[in-house]
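Work through the exercises below with the sequence and the model open beside you, and try each task before reading its solution.

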Amino acid sequence: MNIPFNKPYMTGKELWYISQAHASGHLAGDGQFTKKCSAWLEQRIGCQKALLTHSCTAALEMAAILADIQPGDEVIMPSYTFVSTANAFVLRGGVPVFVDIRPDTLNIDETKIEAAITSRTKAIAPVHYAGVACEMDTIMGIARRHNLLVIEDAAQGIMSTYKGRPLGSIGHMAALSFHETKNIISGEGGALLINDPRFVERAEMIREKGTNRSQFFRGQVDKYTWVDVGSSYLPGEVIAAFLWAQMEEADAINQRRLGLWSNYHQWFASLEKAGKVQRPSVPRECVHNAHMYYLLLPNLEQRTDLIARLRTKDINTVFHYIPLHSSPRGKSVGRAEADMTNTDNAGDRLVRLPMWLGLEEQQAAVIQQILATL
Ligand SMILES: *Cc1c(COP(=O)(O)O)cnc(C)c1O
């Protein structure tokens with residue numbers, strides 16, 4: 001039987017809520033389901049404002065506009081991340097400055113950030129890899145001392161915490177993803193979370209094509225007109241209805257993912273002891289959300305070999321990322337700060353294992369096959 005790497009989980013209520021959106025006749029954005037979803041995020045994460053977007057990429061683009069990134073402005077980020085972390089700023093003429101990651105969490109190495117700051121630095125964009133928090137106290141401290149904005153790429157971090165604080169509630173702004181490969185999904189989807197109240201009003205306008213539409217509907221202005229730059233970043237109600245079905249089940253989804261994660265982790269302890277793999281590491285102050293389970297193999301050859309052998313047993317595993325500092329576009333628009341050893345290492349050695357609800361019945365087969373192969 002073929003075991004896929006990912007399989008989107010449906011709670012069973014998605015179509016029912018979509019039919020309600022359909023029956024209501026409100027299909028554009030910001031209807032009843034969008035309101036339910038934003039209220040859930042504001043309550044659970046404790047942010048000032050949660051604005052649904054059509055992707056995390058869109059939320060990051062909005063953040064770059066709100067941060068007023070001008071051509072030549074620098075944004076410090078890891079190179080071991082998805083392209084959107086960098087693209088959002090590059091679209092505004094910004095320069096991604098890549099800092100190496102920590103060998104344990106694969107998150108940006110907070111001790112190397114300060115050395116990368118120049119007079120052009122505007123923001124830091126930490127990425128909570130695998131839903132495990134970056135060292136946020138240190139990062140926020142650096143930002144305060146140097147007057148920088150912090151934009152959390154929390155695409156993988158919904159329902160994770162750092163020292164008891166939900167990811168997405170710590171930086172000035174944060175971006176979430178509801179892409180079908182994430183924990184809570186709507187196919188494509190995302191949200192911009194705003195913690196610094198200075199940005200709330202402008203964020204609403206940027207999301208609504210640069211108009212004051214939201215204020216108009218609240219009766220705060222008597223004319224609805226063009227007031228700022230902007231685009232159309234909001235999802236329609238069909239997407240929000242789907243997402244609401246998932247949010248209602250979010251705790252149960254999280255619990256089941258954590259169960260799968262712990263199984264992998266226990267079974268692979270012996271491999272780590274034998275020096276054959278490195279398992280994920282979760283610092284004591286972090287509670288994670290089991291977004292992904294990965295192993296680090298000793299080198300590229302062994303990783304390639306493992307993926308190929310599992311493939312012959314119909315078990316699908318994947319690797320990522322090609323570090324941005326060594327990608328064609330990253331080389332031309334970005335700058336790598338000093339040594340990128342840990343980043344290059346993760347790019348060569350990491351393999352992601354199947355992780356989806358329903359894997360429970362087949363997880364033993366995946367584990368046995370990996371134990372037999374390594
Ligand atoms: C998935 C992901 C994104 C992009 O999310 P979309 O919703 O697909 O735009 C950005 N950053 C990271 C770290 C991601 O994992």
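The model is predicted, so local features are given only at pLDDT of at least 70 and side-chain atom pairs only at pLDDT 80 or more, whereas totals for chains, interfaces and linings use all residues. Residues are numbered from 1 along each chain as its sequence is written, and side-chain values use heavy atoms, with hydrogens and water left out.

**Exercise 1.** Describe how α2 and α8 pack against each other.

Solution. Two packed helices are described by the angle between their axes and the distance between the axes. Helices here are DSSP runs (H or I, at least four residues), numbered from the N terminus, and axes are lines fitted to C-alpha atoms over the stretch in contact, with angles from 0 to 180 degrees between N-to-C directions. The axes of α2 (residues 32-45) and α8 (residues 237-248) come within 8 Å and cross at roughly 40°. The two helices are therefore oblique, a class for angles that are not under 35 degrees (roughly parallel), over 145 (roughly antiparallel) or 65 to 115 (roughly perpendicular). Their crossing is left-handed, which is to say that the near helix is turned anticlockwise from the far one by less than a right angle, clockwise being right-handed. In the contact (heavy atoms within 4.5 Å), the residues of α2 include Phe-33, Trp-40 and Leu-41, and those of α8 include Leu-243, Trp-244 and Met-247. By class, this contact has nine nonpolar, two polar and two charged residues; Ala, Val, Leu, Ile, Met, Phe, Trp, Tyr, Cys and Pro count as nonpolar, Asp, Glu, Lys and Arg as charged, and the others, Gly among them, as polar.

**Exercise 2.** Which residues are the closest to the ligand?

Solution. Of the 14 residues that surround the ligand, the closest are Thr-57, Asp-153, Gln-156, Ser-177 and Lys-182. An oxygen atom of the ligand is 2.8 Å from a side-chain N or O atom of Gln-156, while for Ser-177 the corresponding distance is 2.7 Å.

**Exercise 3.** Where is Tyr-321 placed, and what kind of peptide bond joins His-320 to Tyr-321?

Solution. Tyr-321 is in the loop between α11 and α12 (328-333). The bond from His-320 to Tyr-321 is cis, with omega about -20°.

Terms used
A residue is near a molecule or strand if one of its heavy atoms lies within 4 Å of it. A polar contact is a pair of N or O atoms within 3.5 Å; within protein, one must be able to donate a hydrogen and the other to accept it, and residues adjacent in sequence count only if both atoms are side-chain atoms.
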